[in-house]
Amino acid sequence: MRNGFKIFDADAHVIYPADLWSRYLETRYVSRLGSKQPVPGFETYNPVTVDGRWTQHDTILYGQFQKYIDWTKDDMIAKYGEELVLEGFTGDRVATALARDGIDLSVIYGPEYDLWFDGIDPDLQAAMVRAYNRWGADMRTASGGRVHTAGPVPLSDVTRAITEIEHAYHQLGIRAFWARPDEFNHRTLGDRYYDPVWELLQDLDVPFSTHEFMGLRGNSFGSDRFRGYSEWHTVVHPFEAMGAIVSMICHGVYERFPRLRVAYLEAGCGWLPSWLHRIDEHLEAAGAREFPELTMSATDYFTRNCWISTECEDPFVRDVIGWMGDAHILFESDFPHPDSKFPHASTTFLSLLPEQISDDSKRRILWDNPVDFYRFPNEYLPRAFSEGTAATGA
(Lines give C-alpha, C1' and ligand atoms only; values in the text may rest on other atoms or scores of the structure.)
Protein backbone atom coordinates (compact mmCIF):
# COMPACT_ATOMS: atom_id res chain seq x y z
CA MET A 1 0.00 0.00 0.00
CA ARG A 2 1.16 3.52 -0.77
CA ASN A 3 -0.57 6.63 0.59
CA GLY A 4 -3.66 4.56 1.29
CA PHE A 5 -3.79 3.04 -2.22
CA LYS A 6 -3.74 -0.76 -2.43
CA ILE A 7 -1.37 -1.92 -5.19
CA PHE A 8 -1.59 -5.01 -7.40
CA ASP A 9 1.44 -5.24 -9.68
CA ALA A 10 0.14 -6.91 -12.84
CA ASP A 11 3.56 -7.52 -14.40
CA ALA A 12 6.83 -8.11 -12.58
CA HIS A 13 9.86 -10.38 -12.99
CA VAL A 14 12.76 -11.95 -11.15
CA ILE A 15 16.34 -12.90 -11.84
CA TYR A 16 16.07 -16.68 -12.15
CA PRO A 17 18.19 -19.03 -10.04
CA ALA A 18 21.04 -20.70 -11.87
CA ASP A 19 19.72 -24.11 -10.82
CA LEU A 20 16.11 -23.52 -11.89
CA TRP A 21 16.13 -26.20 -14.58
CA SER A 22 18.44 -28.69 -12.87
CA ARG A 23 16.31 -28.51 -9.70
CA TYR A 24 12.81 -28.59 -11.20
CA LEU A 25 13.08 -30.47 -14.52
CA GLU A 26 12.48 -34.19 -14.67
CA THR A 27 15.85 -35.91 -14.45
CA ARG A 28 15.76 -37.28 -17.98
CA TYR A 29 15.74 -33.75 -19.44
CA VAL A 30 18.32 -32.05 -17.24
CA SER A 31 21.39 -32.87 -19.34
CA ARG A 32 19.86 -31.11 -22.34
CA LEU A 33 20.09 -27.68 -20.69
CA GLY A 34 23.21 -25.75 -19.81
CA SER A 35 24.63 -22.27 -19.41
CA LYS A 36 27.80 -20.74 -20.79
CA GLN A 37 29.06 -17.29 -21.69
CA PRO A 38 29.52 -16.87 -25.46
CA VAL A 39 32.96 -15.31 -25.05
CA PRO A 40 35.26 -15.60 -22.00
CA GLY A 41 35.15 -12.44 -19.95
CA PHE A 42 31.71 -11.37 -21.19
CA GLU A 43 28.83 -10.80 -18.83
CA THR A 44 25.73 -11.79 -20.79
CA TYR A 45 22.51 -12.14 -18.83
CA ASN A 46 21.43 -15.74 -18.29
CA PRO A 47 23.01 -17.36 -21.40
CA VAL A 48 21.06 -20.64 -21.30
CA THR A 49 21.63 -23.36 -23.89
CA VAL A 50 19.03 -25.97 -24.87
CA ASP A 51 20.19 -29.02 -26.81
CA GLY A 52 23.49 -27.19 -27.34
CA ARG A 53 21.89 -24.03 -28.77
CA TRP A 54 21.70 -20.64 -27.14
CA THR A 55 18.15 -19.41 -26.67
CA GLN A 56 19.12 -15.75 -27.07
CA HIS A 57 19.85 -13.89 -30.30
CA ASP A 58 23.47 -13.15 -31.26
CA THR A 59 22.76 -9.44 -30.86
CA ILE A 60 22.17 -10.06 -27.16
CA LEU A 61 24.87 -12.67 -26.67
CA TYR A 62 27.64 -10.53 -28.09
CA GLY A 63 26.31 -6.99 -27.66
CA GLN A 64 27.30 -6.43 -24.01
CA PHE A 65 24.18 -4.31 -23.59
CA GLN A 66 24.23 -4.80 -19.84
CA LYS A 67 27.02 -2.22 -19.71
CA TYR A 68 25.03 0.23 -21.84
CA ILE A 69 21.89 0.08 -19.69
CA ASP A 70 23.52 -0.13 -16.24
CA TRP A 71 22.58 -3.75 -15.76
CA THR A 72 25.80 -5.47 -14.74
CA LYS A 73 25.87 -7.50 -11.55
CA ASP A 74 27.35 -4.51 -9.72
CA ASP A 75 24.49 -2.33 -10.98
CA MET A 76 21.94 -4.88 -9.79
CA ILE A 77 23.53 -5.03 -6.35
CA ALA A 78 23.58 -1.24 -6.08
CA LYS A 79 19.84 -1.07 -6.82
CA TYR A 80 18.45 -4.23 -5.24
CA GLY A 81 21.02 -5.19 -2.60
CA GLU A 82 23.49 -8.01 -2.15
CA GLU A 83 21.09 -10.43 -0.47
CA LEU A 84 18.55 -10.39 -3.30
CA VAL A 85 21.09 -10.46 -6.14
CA LEU A 86 23.70 -12.81 -4.69
CA GLU A 87 21.51 -15.12 -2.60
CA GLY A 88 18.54 -15.27 -4.94
CA PHE A 89 15.13 -13.84 -5.83
CA THR A 90 13.25 -16.22 -3.57
CA GLY A 91 9.60 -15.66 -2.84
CA ASP A 92 10.15 -14.23 0.63
CA ARG A 93 12.87 -11.83 -0.56
CA VAL A 94 10.85 -10.69 -3.58
CA ALA A 95 7.76 -10.06 -1.42
CA THR A 96 9.85 -8.05 1.04
CA ALA A 97 11.44 -6.00 -1.75
CA LEU A 98 8.12 -5.24 -3.40
CA ALA A 99 6.61 -4.27 -0.05
CA ARG A 100 9.18 -1.45 0.12
CA ASP A 101 7.45 -0.05 -2.98
CA GLY A 102 4.03 -0.47 -1.41
CA ILE A 103 3.15 -3.42 -3.67
CA ASP A 104 0.73 -5.80 -1.96
CA LEU A 105 0.39 -8.47 -4.64
CA SER A 106 2.38 -9.24 -7.79
CA VAL A 107 2.40 -11.58 -10.78
CA ILE A 108 5.73 -12.71 -12.25
CA TYR A 109 6.22 -13.25 -16.01
CA GLY A 110 8.92 -15.47 -17.48
CA PRO A 111 11.07 -17.22 -18.44
CA GLU A 112 12.15 -14.81 -21.15
CA TYR A 113 13.85 -16.99 -23.76
CA ASP A 114 14.62 -20.52 -22.63
CA LEU A 115 11.53 -22.32 -23.94
CA TRP A 116 10.50 -20.06 -26.82
CA PHE A 117 13.32 -20.23 -29.37
CA ASP A 118 12.79 -21.48 -32.92
CA GLY A 119 12.99 -25.24 -33.31
CA ILE A 120 12.60 -26.29 -29.68
CA ASP A 121 11.52 -29.90 -29.19
CA PRO A 122 7.80 -29.76 -28.24
CA ASP A 123 8.24 -32.50 -25.63
CA LEU A 124 11.09 -30.61 -23.98
CA GLN A 125 9.16 -27.34 -24.13
CA ALA A 126 6.25 -28.90 -22.26
CA ALA A 127 8.62 -30.41 -19.69
CA MET A 128 10.22 -27.00 -19.13
CA VAL A 129 6.79 -25.44 -18.65
CA ARG A 130 5.93 -28.02 -16.00
CA ALA A 131 9.26 -27.42 -14.27
CA TYR A 132 8.74 -23.66 -14.33
CA ASN A 133 5.27 -24.02 -12.86
CA ARG A 134 6.65 -26.19 -10.04
CA TRP A 135 9.11 -23.42 -9.30
CA GLY A 136 6.24 -20.91 -9.49
CA ALA A 137 4.17 -22.81 -6.94
CA ASP A 138 7.13 -22.81 -4.57
CA MET A 139 7.62 -19.07 -5.22
CA ARG A 140 4.00 -18.40 -4.28
CA THR A 141 4.28 -20.41 -1.07
CA ALA A 142 7.60 -18.85 -0.03
CA SER A 143 6.18 -15.37 -0.59
CA GLY A 144 3.26 -15.97 1.74
CA GLY A 145 0.92 -15.70 -1.23
CA ARG A 146 2.13 -12.20 -2.19
CA VAL A 147 3.98 -13.26 -5.37
CA HIS A 148 2.28 -15.39 -8.02
CA THR A 149 3.55 -16.61 -11.38
CA ALA A 150 1.85 -16.76 -14.76
CA GLY A 151 2.20 -20.20 -16.30
CA PRO A 152 3.78 -20.31 -19.77
CA VAL A 153 1.70 -22.00 -22.47
CA PRO A 154 3.84 -24.35 -24.63
CA LEU A 155 2.67 -23.29 -28.07
CA SER A 156 4.57 -25.89 -30.11
CA ASP A 157 1.91 -28.55 -29.55
CA VAL A 158 -1.63 -27.60 -28.61
CA THR A 159 -2.30 -31.02 -27.08
CA ARG A 160 0.65 -30.63 -24.74
CA ALA A 161 -0.45 -27.05 -24.07
CA ILE A 162 -3.83 -28.26 -22.83
CA THR A 163 -2.20 -30.88 -20.62
CA GLU A 164 0.15 -28.36 -19.02
CA ILE A 165 -2.56 -25.77 -18.41
CA GLU A 166 -4.71 -28.43 -16.74
CA HIS A 167 -1.80 -29.65 -14.61
CA ALA A 168 -0.77 -26.13 -13.60
CA TYR A 169 -4.33 -25.21 -12.66
CA HIS A 170 -5.45 -28.36 -10.86
CA GLN A 171 -2.19 -29.61 -9.34
CA LEU A 172 -0.14 -26.47 -8.72
CA GLY A 173 -2.70 -23.72 -8.16
CA ILE A 174 -1.55 -21.53 -11.06
CA ARG A 175 -4.29 -19.04 -11.93
CA ALA A 176 -2.80 -17.01 -14.81
CA PHE A 177 -1.18 -17.99 -18.11
CA TRP A 178 0.90 -16.31 -20.79
CA ALA A 179 2.90 -16.62 -24.00
CA ARG A 180 5.03 -14.36 -26.12
CA PRO A 181 3.05 -12.38 -28.74
CA ASP A 182 5.44 -13.33 -31.57
CA GLU A 183 4.68 -15.53 -34.54
CA PHE A 184 5.59 -19.05 -33.47
CA ASN A 185 6.04 -21.96 -35.86
CA HIS A 186 4.59 -19.73 -38.59
CA ARG A 187 1.39 -19.19 -36.60
CA THR A 188 0.10 -15.98 -35.05
CA LEU A 189 -2.02 -16.07 -31.91
CA GLY A 190 -5.15 -15.65 -34.02
CA ASP A 191 -4.59 -19.02 -35.72
CA ARG A 192 -7.45 -21.46 -35.11
CA TYR A 193 -4.85 -24.04 -34.10
CA TYR A 194 -4.87 -22.38 -30.68
CA ASP A 195 -8.66 -22.44 -30.25
CA PRO A 196 -8.52 -25.34 -27.75
CA VAL A 197 -6.26 -23.20 -25.56
CA TRP A 198 -8.66 -20.24 -25.63
CA GLU A 199 -11.63 -22.51 -24.96
CA LEU A 200 -9.96 -24.06 -21.92
CA LEU A 201 -8.81 -20.73 -20.46
CA GLN A 202 -12.31 -19.33 -20.95
CA ASP A 203 -13.89 -22.33 -19.25
CA LEU A 204 -11.43 -22.19 -16.34
CA ASP A 205 -12.11 -18.43 -16.04
CA VAL A 206 -8.39 -17.63 -15.90
CA PRO A 207 -6.59 -14.83 -17.77
CA PHE A 208 -4.05 -15.00 -20.55
CA SER A 209 -1.39 -12.36 -21.25
CA THR A 210 1.19 -11.67 -23.90
CA HIS A 211 4.60 -10.40 -22.93
CA GLU A 212 7.53 -9.65 -25.22
CA PHE A 213 11.19 -9.86 -24.20
CA MET A 214 13.78 -8.41 -26.55
CA GLY A 215 16.49 -10.84 -27.59
CA LEU A 216 14.86 -14.12 -28.59
CA ARG A 217 16.64 -16.44 -30.99
CA GLY A 218 13.55 -16.56 -33.12
CA ASN A 219 11.09 -14.43 -35.03
CA SER A 220 10.43 -11.13 -33.29
CA PHE A 221 10.03 -7.69 -34.79
CA GLY A 222 13.30 -5.90 -35.42
CA SER A 223 15.57 -8.92 -35.04
CA ASP A 224 16.24 -8.96 -38.79
CA ARG A 225 16.95 -5.25 -39.20
CA PHE A 226 18.44 -3.83 -35.99
CA ARG A 227 21.71 -4.66 -34.23
CA GLY A 228 21.57 -2.19 -31.37
CA TYR A 229 19.69 -2.10 -28.10
CA SER A 230 18.06 1.32 -28.61
CA GLU A 231 16.49 0.52 -31.98
CA TRP A 232 15.39 -3.04 -31.29
CA HIS A 233 14.09 -2.45 -27.76
CA THR A 234 12.15 0.62 -28.93
CA VAL A 235 10.10 -1.35 -31.43
CA VAL A 236 9.85 -4.97 -30.33
CA HIS A 237 7.56 -4.62 -27.30
CA PRO A 238 4.81 -2.41 -28.77
CA PHE A 239 5.00 -3.77 -32.32
CA GLU A 240 4.64 -7.39 -31.23
CA ALA A 241 1.69 -6.47 -28.99
CA MET A 242 0.09 -4.59 -31.89
CA GLY A 243 0.53 -7.63 -34.10
CA ALA A 244 -1.02 -9.95 -31.53
CA ILE A 245 -3.99 -7.62 -31.07
CA VAL A 246 -4.76 -7.35 -34.78
CA SER A 247 -4.34 -11.10 -35.26
CA MET A 248 -6.56 -12.13 -32.36
CA ILE A 249 -9.28 -9.60 -33.21
CA CYS A 250 -9.36 -10.08 -36.98
CA HIS A 251 -9.19 -13.86 -36.84
CA GLY A 252 -12.14 -13.96 -34.48
CA VAL A 253 -10.64 -15.15 -31.22
CA TYR A 254 -12.88 -12.79 -29.25
CA GLU A 255 -15.87 -13.54 -31.45
CA ARG A 256 -15.56 -17.26 -30.75
CA PHE A 257 -14.56 -16.88 -27.08
CA PRO A 258 -16.48 -13.89 -25.72
CA ARG A 259 -15.52 -14.57 -22.09
CA LEU A 260 -11.79 -14.85 -22.71
CA ARG A 261 -9.68 -12.26 -20.85
CA VAL A 262 -6.38 -11.18 -22.42
CA ALA A 263 -3.85 -8.51 -21.41
CA TYR A 264 -1.08 -7.13 -23.59
CA LEU A 265 1.72 -6.35 -21.15
CA GLU A 266 4.89 -4.26 -21.12
CA ALA A 267 4.22 -2.64 -24.47
CA GLY A 268 3.28 0.88 -23.41
CA CYS A 269 -0.30 2.02 -23.82
CA GLY A 270 -0.61 5.45 -25.42
CA TRP A 271 -0.74 3.99 -28.94
CA LEU A 272 -3.76 1.80 -28.19
CA PRO A 273 -6.72 4.08 -29.18
CA SER A 274 -5.09 5.02 -32.48
CA TRP A 275 -4.23 1.38 -33.23
CA LEU A 276 -7.76 0.17 -32.59
CA HIS A 277 -9.11 3.02 -34.73
CA ARG A 278 -6.79 1.92 -37.55
CA ILE A 279 -8.00 -1.68 -37.31
CA ASP A 280 -11.60 -0.46 -37.30
CA GLU A 281 -11.04 1.56 -40.46
CA HIS A 282 -9.63 -1.44 -42.27
CA LEU A 283 -12.42 -3.72 -41.09
CA GLU A 284 -14.91 -1.17 -42.37
CA ALA A 285 -13.22 -1.27 -45.75
CA ALA A 286 -12.59 -4.99 -46.21
CA GLY A 287 -13.70 -6.85 -43.09
CA ALA A 288 -17.02 -8.06 -44.48
CA ARG A 289 -15.14 -9.96 -47.18
CA GLU A 290 -12.03 -11.02 -45.29
CA PHE A 291 -13.46 -11.66 -41.81
CA PRO A 292 -17.24 -12.10 -42.23
CA GLU A 293 -17.71 -13.78 -38.85
CA LEU A 294 -16.89 -10.59 -36.92
CA THR A 295 -19.91 -8.88 -35.40
CA MET A 296 -18.21 -6.06 -33.46
CA SER A 297 -15.62 -3.38 -34.02
CA ALA A 298 -12.02 -3.86 -32.92
CA THR A 299 -12.51 -1.21 -30.27
CA ASP A 300 -15.59 -2.98 -28.92
CA TYR A 301 -13.84 -6.37 -28.81
CA PHE A 302 -10.93 -4.84 -26.95
CA THR A 303 -13.18 -3.02 -24.51
CA ARG A 304 -15.03 -6.24 -23.72
CA ASN A 305 -12.17 -8.76 -23.66
CA CYS A 306 -8.82 -7.05 -23.30
CA TRP A 307 -6.58 -5.08 -20.98
CA ILE A 308 -3.45 -2.98 -21.52
CA SER A 309 -0.76 -2.09 -18.96
CA THR A 310 0.94 1.15 -18.07
CA GLU A 311 4.31 1.70 -16.52
CA CYS A 312 4.51 4.16 -13.69
CA GLU A 313 5.96 7.13 -15.62
CA ASP A 314 3.94 6.90 -18.87
CA PRO A 315 1.95 10.16 -19.28
CA PHE A 316 0.11 8.80 -22.30
CA VAL A 317 -2.03 6.60 -20.10
CA ARG A 318 -4.06 9.80 -19.86
CA ASP A 319 -4.90 9.47 -23.56
CA VAL A 320 -6.12 5.91 -23.10
CA ILE A 321 -8.34 7.04 -20.23
CA GLY A 322 -9.65 9.93 -22.33
CA TRP A 323 -10.58 7.78 -25.32
CA MET A 324 -11.44 4.44 -23.74
CA GLY A 325 -12.03 4.97 -20.04
CA ASP A 326 -9.99 3.61 -17.15
CA ALA A 327 -11.56 0.18 -16.58
CA HIS A 328 -9.11 -1.92 -18.62
CA ILE A 329 -5.71 -0.48 -17.68
CA LEU A 330 -3.32 -2.40 -15.42
CA PHE A 331 -0.35 -1.16 -13.39
CA GLU A 332 3.05 -2.78 -13.84
CA SER A 333 6.24 -2.17 -11.87
CA ASP A 334 8.59 -4.04 -14.25
CA PHE A 335 10.57 -5.06 -11.16
CA PRO A 336 13.52 -5.79 -11.29
CA HIS A 337 14.43 -4.76 -14.84
CA PRO A 338 16.96 -1.97 -15.40
CA ASP A 339 14.35 0.67 -16.22
CA SER A 340 12.17 -0.14 -13.21
CA LYS A 341 11.67 2.80 -10.86
CA PHE A 342 12.03 0.53 -7.81
CA PRO A 343 11.53 1.33 -4.98
CA HIS A 344 9.52 4.33 -6.17
CA ALA A 345 7.30 2.89 -8.94
CA SER A 346 4.13 3.37 -6.92
CA THR A 347 5.09 6.89 -5.81
CA THR A 348 5.96 7.81 -9.39
CA PHE A 349 2.57 6.65 -10.67
CA LEU A 350 0.63 8.35 -7.90
CA SER A 351 2.47 11.60 -8.72
CA LEU A 352 1.75 11.31 -12.46
CA LEU A 353 -0.31 14.17 -13.96
CA PRO A 354 -2.34 14.91 -10.82
CA GLU A 355 -4.35 17.59 -12.68
CA GLN A 356 -5.28 15.17 -15.48
CA ILE A 357 -5.56 11.71 -13.91
CA SER A 358 -7.93 11.47 -10.95
CA ASP A 359 -7.24 9.54 -7.78
CA ASP A 360 -10.26 7.38 -8.62
CA SER A 361 -8.65 6.38 -11.94
CA LYS A 362 -5.33 5.68 -10.23
CA ARG A 363 -7.08 3.59 -7.61
CA ARG A 364 -8.76 1.49 -10.30
CA ILE A 365 -5.50 1.03 -12.24
CA LEU A 366 -3.49 0.14 -9.15
CA TRP A 367 -5.95 -2.34 -7.65
CA ASP A 368 -9.51 -2.70 -8.94
CA ASN A 369 -8.61 -3.44 -12.56
CA PRO A 370 -5.92 -6.07 -11.83
CA VAL A 371 -8.31 -7.75 -9.39
CA ASP A 372 -10.95 -7.82 -12.13
CA PHE A 373 -8.53 -9.10 -14.76
CA TYR A 374 -6.87 -11.85 -12.74
CA ARG A 375 -9.96 -12.83 -10.68
CA PHE A 376 -7.85 -14.78 -8.23
CA PRO A 377 -9.65 -16.84 -5.61
CA ASN A 378 -10.34 -14.89 -2.43
CA GLU A 379 -7.72 -16.87 -0.56
CA TYR A 380 -5.06 -15.61 -3.00
CA LEU A 381 -5.75 -11.96 -2.09
CA PRO A 382 -4.00 -10.24 0.82
CA ARG A 383 -5.87 -9.95 4.09
CA ALA A 384 -3.65 -7.21 5.48
CA PHE A 385 -2.10 -4.13 3.88
CA SER A 386 0.91 -2.17 5.08
CA GLU A 387 2.33 1.14 3.95
CA GLY A 388 5.44 0.87 1.76
CA THR A 389 8.67 1.43 3.64
CA ALA A 390 10.76 3.18 0.97
CA ALA A 391 11.12 6.88 1.76
CA THR A 392 9.15 8.95 -0.73
CA GLY A 393 11.99 11.24 -1.74
CA ALA A 394 14.87 8.76 -1.50
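**Prolines with a cis bond.** I began with Pro111, which sits in the loop between β5 (105-108) and α8 (122-142). The model I am reading is a predicted one. In it, the peptide bond from Gly110 to Pro111 is cis, with omega near -5°. I then looked up Pro343, in the loop between β12 and α16. The bond joining Phe342 and Pro343 is a cis peptide bond too, and its omega is about 0°.

**Another proline, Pro336.** I found Pro336 in the loop between β12 (329-331) and α16 (345-350). Is Pro336 buried or exposed? Its relative accessible area is 1%, and with under 20% counting as buried, Pro336 is buried. I asked next which residues Pro336 is in contact with, leaving aside its neighbours within four places in sequence. My list reads His13, Val14, Ile15, Trp71, Tyr80 and Phe89. I also checked Pro336 against Ser230: they are 106 residues apart along the chain, and their C-alpha atoms are separated by 19 Å.

**Positive phi values.** I stopped at Asn46, which is not a glycine but has a positive phi of about 50°. Asn46 lies in the loop between β2 (33-35) and β3 (48-50), and with a relative accessible area of 22% it is partly exposed. I noted Asp205 as well, a residue other than glycine with a positive phi near 60°. Asp205 belongs to the loop between α10 and β9. Its relative accessibility is 37%, so I put Asp205 down as partly exposed.

**Helix α10.** Asp205 follows α10, so I stepped back into that helix. How many of the ten residues of α10 (residues 195-204) are buried? I got seven, so the helix is largely enclosed by the rest of the structure. The buried ones are Asp195, Val197, Trp198, Leu200, Leu201, Gln202 and Leu204. They pack against α9 (158-172), β8 (177-179), β9 (208-211), α11 (229-250) and α12 (253-256).

**Helix α14.** In α14 (residues 298-305), I marked Ala298, Tyr301, Phe302 and Asn305 as buried. Looking down the axis of α14, I saw these buried residues fall within an arc of 95°, so they line one face of the helix. A reminder to myself: an α-helix has 3.6 residues a turn, so residues three or four places apart point the same way. The cover over the buried residues of α14 includes α11, α12, β10 (262-265), α13 (272-290), β11 (306-310) and α15 (317-324).

**α13 with α15.** I looked at how this pair of helices meets. The axes of α13 and α15 come within 8 Å and cross at roughly 45°, which makes α13 oblique to α15. Leu272, Pro273 and Leu276 of α13 meet Asp319, Val320, Trp323 and Met324 of α15. Sorted by class, this contact has six nonpolar residues, no polar ones and one charged.

**The whole chain.** Last, I zoomed out and noted 17 helices and twelve strands. The radius of gyration is 20 Å, close to the 21 Å the globule rule gives for 394 residues, so the chain is as compact as a globular protein of that length. Its C-alpha atoms fill a box of roughly 55 × 50 × 45 Å along the principal axes. I read that 58% of the 394 residues count as buried. Among contacts between residues at least 6 apart in sequence, 75% join residues at least 24 apart.

Definitions and conventions. Residues numbered from 1 in each chain as written. Predicted model: local features only at pLDDT ≥ 70, side-chain atom pairs only at ≥ 80, totals over all residues. Heavy atoms only, no water. Buried < 20%, exposed > 50% of the residue type's maximum accessible area, 1.4 Å probe, protein only. Helix = DSSP H or I, 4+ residues; strand = E, 2+ residues; numbered from the N terminus. Contact = heavy atoms within 4.5 Å. Arc of directions from axis to C-beta. Axes fitted to C-alpha atoms, helices over the stretch in contact; angles between N-to-C directions. Parallel < 35°, antiparallel > 145°, perpendicular 65-115°, else oblique. Nonpolar A, V, L, I, M, F, W, Y, C, P; charged D, E, K, R; others polar. Rg over C-alpha atoms; globule rule 2.2 N^0.38 Å.
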